[in-house]
Amino acid sequence: MWRILLLLLSLFVGVSLPARTSLTDSLQAVLANTEDEAVQLPVLGALCRIYSEEGADSTVVYCQRAVEVAGALKLPAPEVESTIIIGRWYHKKSQYQKALAYYYRAAALGEQAGLTELTGSVYTNLALSHQRLSQPDSAYFYWNKAEAAFQEAGSPAELWKAYLGLFQLFSEKQDTAQANRYATLAHQQVQRSALRSDRGYLLFQLLQYYFQTGQFEKMGEFQQLWDDYKREQKPDEALMQQPAHIALYMFATQEEAAVEAQLKKAIQYFEQSGIPYRAGWCYEDLAKLYYKQGNRGAAEQAMQQALSYYREAHVPYRRGRALNMLYQWKKERGATVEALAYLEAYEALEDSLTNVTVEQNLNALRVKAETEKKEQALQIKDLELKQKTQERNALLIAALLLAILAMLIFLGLRQRLLANRRMAQQEQALQEQRILQLEQENRLSAMQSVIQGQEQERSRIANDLHDSLGGMITAIQRHVSELARRVTASDIGLAQRTVSISADANQELRRIAQNLMPRSLTLLGLEGAIEDLAAQLEAQGLRCQFQAIGLKGRLPEEVAVTLFRIVQELTNNIVKHARV
């Protein structure tokens with residue numbers, strides 16, 4: 001809505017003051033009757049533009065409100081645009097420092113939001129303000145930033161302004177090479193501008209620059225471009241009444257003596273170059289300068305010289321302008337006969353130019369009518385061709401759609417077959433995995449059964465050795481001990497050896513029974529059995545410390561036996577290899 005309202009506003013720029021007043025009243029009424037910030041923002045933007053054109057103090061008030069509303073709505077583009085308008089308002093008031101503050105704020109907002117084209121406009125305004133403050137280095141910096149921003153945004157229609165600024169900067173420094181370079185770039189880019197006034201403004205600027213610097217060849221080129229520019233909308237007879245030579249501008253901005261000397265140099269250059277039209281142009285400007293100085297005789301003489309060159313160059317509307325000026329000047333001096341002669345020549349030329357224009361218009365109408373007929377025939381052929389093309393395209397699209405549908409069906413079936421195959425493979429893999437798992441479970445169960453059987457057999461053998469054979473050996477040991485007390489001195493050694501052998505046999509029996517199944521494991525659990533094992537190692541002369549951490553409660557018999565066997569095997573390996 002913001003952009004649309006600004007577009008509508010641009011249509012009202014050229015309307016009368018009462019109409020613009022009515023527009024501002026309507027906008028203010030809309031602003032007063034709504035609290036919706038989304039509606040207020042474009043209205044505030046339109047009021048900013050209107051008051052800015054008028055130079056009113058209300059510009060700053062409405063633009064600041066627009067900045068606040070745009071910030072609240074998080075819309076950076078209108079916020080930047082309103083900030084730029086405030087800066088321009090201060091710039092027009094020659095308050096360049098205040099203008100710079102707003103331009104810097106707008107540049108920061110634009111850079112943060114990535115609004116490259118808007119940021120380029122801000123850089124242009126920053127460069128202009130620094131140029132007004134006689135800060136050429138800062139101006140050069142921002143002109144270059146504006147050029148880069150417009151190139152990045154793809155805005156060739158705006159790029160010419162950056163080149164124009166750089167041209168003016170280097171022309172002020174009297175760096176002719178750089179000024180000419182940027183003048184050429186600006187002229188190349190201004191052709192892409194949608195505004196005809198941009199092109200005319202630049203042509204006028206460059207024309208007076210080349211005249212002032214004495215680059216008469218370039219000046220001649222731009223004289224022709226300037227004439228072509230004016231002819232775009234007005235015929236020759238209308239241009240006869242509209243003098244717009246570059247010297248008119250120079251008369252107001254420079255000393256007349258400097259302008260006269262430069263015009264004479266230009267005349268000499270164009271006469272030597274054999275370019276009568278350019279020489280006539282400069283004679284015409286020289287005549288106006290003499291007339292302004294009050295030197296009527298020199299003015300008429302210079303204008304007659306211009307008329308002669310215009311006649312030689314076959315430029316009728318320039319001849320008409322010279323004839324009209326000579327008529328006016330002769331009439332002022334009271335030379336009625338000569339004035340009448342110039343007037344008659346002027347009117348005859350005007351009539352001929354009018355006839356030529358009418359003929360040109362008729363020819364243009366004929367060409368237009370023939371062109372329209374040809375265009376209609378081409379349009380009919382185009383319609384027929386388009387119809388055939390559409391029919392062919394419809395068939396192609398239908399065929400393409402059918403092909404796509406068939407391809408989709410094929411791909412769908414293929415995907416389904418692949419999915420089924422993958423599912424079958426996965427099912428087979430799962431089945432094989434289950435079988436493997438069952439086999440492993442069976443092997444594990446068998447191993448557990450074997451281990452349990454072995455442990456049970458060990459336990460039975462250990463109990464039998466301990467309970468039966470152990471008791472018998474103990475009884476034998478007691479009997480032998482009793483007999484040892486009763487034998488004679490000659491047999492005492494044999495008796496003692498028998499007692500010692502009986503004790504060793506009993507100890508070995510206990511050890512074998514302990515290895516098969518320690519009774520401490522059954523009576524005291526895993527912790528007690530390992531403590532007993534540690535005591536046995538100590539008895540064998542090995543230092544051994546035992547500490548049970550986190551072993552709470554009695555473990556299942558199978559787990560306890562397995563862990564004990566592991567520890568027992570480790571200790572046996574230690575005893576076996578520790579002294580190697």
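Colleague: Which residues of the largest nonpolar core touch the most other members?

Modeller: First, the ground rules: this is a predicted model, in which local features need pLDDT of at least 70 and side-chain atom pairs count only at pLDDT 80 or more, while totals for chains, interfaces and linings use all residues. Residues are numbered from 1 along each chain as its sequence is written, and side-chain values use heavy atoms, with hydrogens and water left out. Now your answer: Val122, Leu126, Phe167, Met219 and Met303 touch the most other members among the 101 residues of that core. A separate, second core has eight residues, including Leu526, Ile530, Ala560 and Phe564.

Colleague: What makes a set of residues a nonpolar core?

Modeller: The members are buried Ala, Val, Leu, Ile, Met, Phe, Trp, Tyr and Cys residues joined through side-chain atoms within 4.5 Å. Buried stands for under 20% relative accessible area, exposed for over 50%, and partly exposed for in between (1.4 Å probe, protein chains only). Of the protein's 580 residues, 36% count as buried.

Colleague: With which residues is valine 122 in contact, leaving aside its neighbours within four places in sequence?

Modeller: Valine 122 is in contact with Val80, Ile84, Tyr103, Ala106 and Ala107. Contact is a matter of heavy atoms within 4.5 Å.

Colleague: And threonine 124: why is it called buried?

Modeller: Its relative accessible area is 11%, so threonine 124 falls on the buried side of the cut-off. It lies in helix H7 (residues 116-132) and, neighbours within four places in sequence aside, is in contact with Trp143, Ala146 and Phe150.

Colleague: What counts as a helix, and how many helices and strands does the protein have?

Modeller: Helices (H or I, at least four residues) and strands (E, at least two) are DSSP runs, numbered from the N terminus. By that count the protein has 22 helices and zero strands.

Colleague: Which residues of H6 are buried, and what puts them on the same side?

Modeller: Tyr96, Ala99, Leu100, Tyr102, Tyr103, Ala106, Ala107 and Gly110 are the buried ones in H6. Their arc around the axis is only 165°, so they sit on the same side of H6; the arc is taken over the directions from the helix axis to the C-beta atoms. They pack against helix H4 (58-72), helix H5 (76-92) and H7. On the face turned away from that buried side, H6 carries the exposed residues Gln97 and Gln112. Just after H6, glycine 114 has a positive phi of about 75°.

Colleague: Let's turn to aromatics. How many aromatic pairs are there, and why is the pair of phenylalanine 167 and tyrosine 209 called what it is?

Modeller: There are 13 aromatic pairs in the structure. For phenylalanine 167 and tyrosine 209, the ring centres are 4.8 Å apart and the planes stand at 90°, so this pair is edge-to-face. The rule is that rings of Phe, Tyr and Trp (its six-membered ring) pair if their centres lie within 6.5 Å, with planes under 30 degrees apart stacked, over 60 edge-to-face and the rest tilted. Phenylalanine 167 is in helix H9 (residues 156-172) and tyrosine 209 in helix H11 (residues 196-212), so the pair ties together parts 42 residues apart in sequence. Phenylalanine 167 is buried at 3% relative accessibility, and tyrosine 209 is buried at 5%.

Colleague: What makes tyrosine 291 and tryptophan 329 stacked or edge-to-face?

Modeller: Their planes are 10° apart and their centres 4.8 Å apart, which puts the pair in the stacked class. Tyrosine 291 belongs to helix H16 (residues 276-293) and tryptophan 329 to helix H18 (residues 316-333), 38 residues apart. At 22% relative accessibility tyrosine 291 is partly exposed, whereas tryptophan 329, at 2%, is buried.

Colleague: How do you know that the charged end of arginine 296 sits over the ring of tyrosine 291?

Modeller: The charged end of arginine 296 is 4.0 Å from the ring centre of tyrosine 291. The rule asks for NZ of Lys or CZ of Arg within 6 Å of the ring centre and within 35 degrees of the ring normal. Arginine 181 also lies over a ring face, that of tyrosine 182, at 4.7 Å from the ring centre.
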